[in-house]
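Please keep the sequence and the three-dimensional view at hand while reading.

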Amino acid sequence: MVSKGSKKSKSLGKRPSSGGDRRRDMAAHVIASSKGVTTKAGAGRLGGKRGIESEATLAKMGAVLYRCLDKALDVRPYLIGAVPVIVIASPFFRGLFFPIERLIVLLISLAIFVLYEVLVLAGGKGPAEKRLLDDPMDWAVFGLACAYALSCLVAVNIRQAIGETLKYVNYFVLFYLVSEIGRGAGVLFGYERRGTTGDAARIFVPVIGLLQALLAGAVGIAALGVGAAAGTFVYKGAYEGGRISSSIQYPNSLAAYLTAAFFIGLGLMMAERAPAKRAVYGAASYLLFLPFIFTYSRGAYLVFPVALAIFLILSPTGKRWAALSSFMAVAVTAGIITPFFYKALHPGKDIPVSEIMVWASYIAGIPITVALTSLTTVFSRWPSRRQALTGTAGMATVVAVALGIFLLAPGLLPPALVARISAINLSQSSAIDRILWTLDALKIVADRPFLGAGGGGWKSLYLGYQSWGYWSTEVHNYFAQTWVETGTVGLGVLACIWILFLGGLRRGLKGIAAADVPVETRFLAVAVGSSAIALGAHSFIDFNLSLAGIGFYLWSLFGIGDALWGKNGVIATVDKVAGGTKSSSEGERESGLESGSRPGKAGLNSGISPDLRAGSKAASKSSKGRIARGPGVAAGVIAVAVSITLLILGGMLLKGDTLGQAASRDLKRGKVNQAVDVFKKAIALDPWEGSYRIDYGNALLALALTKQDPAALTEAKKQMERGVALEPYNPVFRTSYGSLLLRSGDIDGGLKEIERAVDLHPYSEARYENLAGAYVAVGDNFVREGKPDEAKKYFEKVMSIPQRMKEQRDKIPEGVPDSEKLKEMTPKLALSLGEAQAFLGRYQEASEALEKASASGNANVKFEANLWLAAMTRVSGGGADKAEEYKKLALDANPDAAKSGSTDADAIIEEIVNRLKSMKGEAQPEG
């Protein structure tokens, strides 16, 4: 404790006036007033020493009252603690892949950010203690959110673009708050955890707390995946096909997430000197590594050794062998447990999985890891480097022998694991797919190079640019997808983020090496760097960062890195503290800590004193003088105002999403009137969502047809037109709108929209089927009107569709399996083709096409094809018996029609016969 007589303690103890100071003064004033004593003037009236003592006593009472009220009402500790909770909890909610869950988290994050900024501004903290956009990394992360906002101006899907912009706003908010915590944000509000040493290493405590939180969250995700495999937990998609996916629901992304978390665990283990804590971190790393193996992610298997090499290269000189031996302790344990864990998951044919055996094999690795980790601790502390290397080499030999046994002894390694590893090569379809998807993404970039296509641009455009008919709403390459969505502007900002991060990592490692802190502290920076690099590298070949929960993880690592080596960061503070620290006790005095405290206590509210963060008393005075008019206040006020606006917008979108989904469910259940009312409310809250407009139009169309309501049909047309304008590259929307136009009598407009749908998705058989059906329907309508010459033009167009499909199929690159190529003919297309040929009098070709359609597994297609065969047989003179046989096949294919009796089938056949004769001029047109 600093003595009262110390001049240094007086200067360091005097802090800038804050809101808390003013509230304490006010509390003292209130109490003093209740006793008839106010301020110094009151003391003067009482006179002498007694009056001064009374004032001091009442001031203390006021301070006590303030502290009691402040402690009872203050939410600031929960505010600080909520930030890492958001980061570690997000992956549990399907990785936040789906918009409605992202919006919920956005609202929570923005609320915390607003409250944080308001409290900081109200507390009177100056720019020296509070930063907002004051270093390049801040601007880069903020700039990426701005790039997404800018791309909204040219977005091909404005609703998706708004959603992605809000996601990146959330990234920035969490990056900023995590960085603040890592810098010691708790002390901004007077929360300073005691119980740690007073030297410069003490300043790393908040960073350790954040890394501990990230590690703990990942262990929870890993345990959930194991529990789902064991049958303990029921979570859809957490364990499928023998692969662990956990709540992320995609094994490759889970593997990337666990890889990142693993290196955090390894870094914490190496940064810790206490054997017990090292053992805990080792056990946590094992609990991540075993489920990582059972994701069977080939991409992650490739990235992991690269990340490990980076971890070892960045490790302090003299500690690399220790780091490698610590990794091997975990790897050896996982290798021992893997066969038993696999056997527990696959006990044999018709034998149920034993929940107890799965958990027992998983947990059995913990004591083994603890023992091996303790052994590596002994190696690292041997006085002779040669002895340490000898011990590590011995463990490496054990690992090599163990691997040799596993690889040579049949049946020890899981067959699925062996198959996945042996299949790692560029000739695999998954590798080829990812390469071609990236090349297709570059085609979009070539057309929209500057600002991109807006958030969601890939999923809105890729169907028109794809090399073959694949389905992938994500590029599986985060950097290429960012390029598509934000253009070269956004990609450049993203490159700046990584350049600044890696450059900061380099400076940070040098700064820690030069500082007066334990060498193990360097592993904190190594953990952050290697973890982020691993996650970023895997995102070159997969869509991990399309899951916001994993994106939060990476941006939190960016935030922790910024807290470590950014402007006014931890390492910069270490330089100030270490440079002026003469002894441990003096260091304690300068950091405002009591002596005799115990090292190693980590906490999220830990930090350094405001005096150290400001650098000196002069800095504190300077910040006090600027706070009322400084740029920090203006930036904070603007940030609060913008965040409140986004809170309102996010709330509207969330409510609109909820109502839109409810309306869609009502429409599917046939509650058309109710759906119409709910769609109106959803559109009012979220006017940019095109699907609401299309579904609303379909609901209005249903009302128009049932009630013969022209006004409803007009409104349906208006809503669908607006929906297409919001998503002009959506082929489904174009088809729906085209069908509506055809129903309303706009033949040219309707066919144009359906043709456009084919152009937007040329590798979809469904688009050609819809177009052929539309041509037949239009031609049939002209036949009914007695205009066979007009009808003939549209029937002839149907004939050209198979050739168009063949030409498109020929464009598909070699190596794509036939099963994934555009089909040359489908049953539904054969039905339309047969009907058109029948109208044109080409009965032989029509019969062949209709026979193909009749062979379909689709009951409706088979029913209609056989009725047409029956009618055509009668027109062509094929015999009544043959026609009756086709009619029977039709009724067999459609039991519902059969229940109505053959009369209905005969009526349909007779109607088709009349239309075929009308086309030939042998019968009167209908109506």
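## Basis of the report

The structure is a predicted model. Every value given here is computed from that model.

## Enclosed space

Rolling a probe the size of a water molecule over the atoms shows where empty space is left. In this structure there are six cavities of 30 Å³ or more. The largest cavity holds about 120 Å³ of space.

Its lining is made up of Leu96, Pro99, Arg102, Leu103, Leu106, Arg159, Gly163, Leu166, Lys167, Asn170, Ala548 and Phe552. Two or more residues of this lining come from each of helix 6 (99-122), helix 8 (158-182) and helix 21 (548-565). Helix 8 provides the largest share, with five residues. Sorted by class, the lining of the largest cavity comprises seven nonpolar, two polar and three charged residues.

## Salt bridges between helices

Side chains of opposite charge can pair when their charged atoms come close. The count for this structure comes to 27 salt bridges. One of them joins Arg102, a residue that also lines the largest cavity, to Glu164, with the closest N and O atoms 3.8 Å apart. Because Arg102 belongs to helix 6 and Glu164 to helix 8, the pair ties together parts that are 62 residues apart in sequence. Arg102 and Glu164 are both buried.

A salt bridge also links the side chains of Glu755 and Arg804, at 3.4 Å from N to O. Glu755 lies in helix 31 (residues 747-760) and Arg804 in helix 34 (residues 801-809), so this pair ties together parts that are 49 residues apart in sequence. Glu755 has a relative accessibility of 21% and therefore counts as partly exposed. Arg804, at 27% relative accessibility, is likewise counted as partly exposed.

## A further pair and a network

Asp810 and Lys806 form a salt bridge in which the closest N and O atoms are 3.3 Å apart. Is Asp810 buried or exposed? Asp810 is exposed, because its relative accessible area is 52% and the exposed class begins over 50%. Lys806 is partly exposed, with a relative accessible area of 39%.

Salt bridges can also share partners. In this way Asp780, Arg784, Glu911 and Arg915 are joined into one network.

Asp135 is located in the loop between helix 6 and helix 7 (136-151). With a relative accessibility of 3%, Asp135 counts as buried, since the buried class covers values under 20%.

Which groups does the side chain of Asp135 reach? The backbone nitrogen of Met137 lies at 3.1 Å from the side chain of Asp135. The side chain of Asp135 also makes a polar contact with the side chain of Arg183, at 3.3 Å. When neighbours within four places in sequence are left aside, Asp135 is in contact with Arg183, Asp562, Gly566 and Lys567.

## The position of Glu845

Glu845 is part of helix 36 (residues 843-854). Its relative accessible area of 39% makes Glu845 partly exposed. Glu845 and Gly834 are eleven residues apart in sequence, and their C-alpha atoms are 7.2 Å apart in space.

Key:
Residues numbered from 1 in each chain as written. Predicted model: local features only at pLDDT ≥ 70, side-chain atom pairs only at ≥ 80, totals over all residues. Heavy atoms only, no water. Helix = DSSP H or I, 4+ residues; strand = E, 2+ residues; numbered from the N terminus. Buried < 20%, exposed > 50% of the residue type's maximum accessible area, 1.4 Å probe, protein only. 1 Å grid on protein atoms, 1.4 Å probe; cavity = no way out; pocket = protein on both sides within 12 Å on 5 of 7 lines; lining within 4 Å. Points joined across faces, edges and corners; volume = space filled by probe spheres on them. Nonpolar A, V, L, I, M, F, W, Y, C, P; charged D, E, K, R; others polar. Salt bridge = Lys/Arg side-chain N within 4 Å of Asp/Glu carboxyl O. Polar contact = N/O pair within 3.5 Å; in protein donor to acceptor, adjacent residues only side chain to side chain. Contact = heavy atoms within 4.5 Å.
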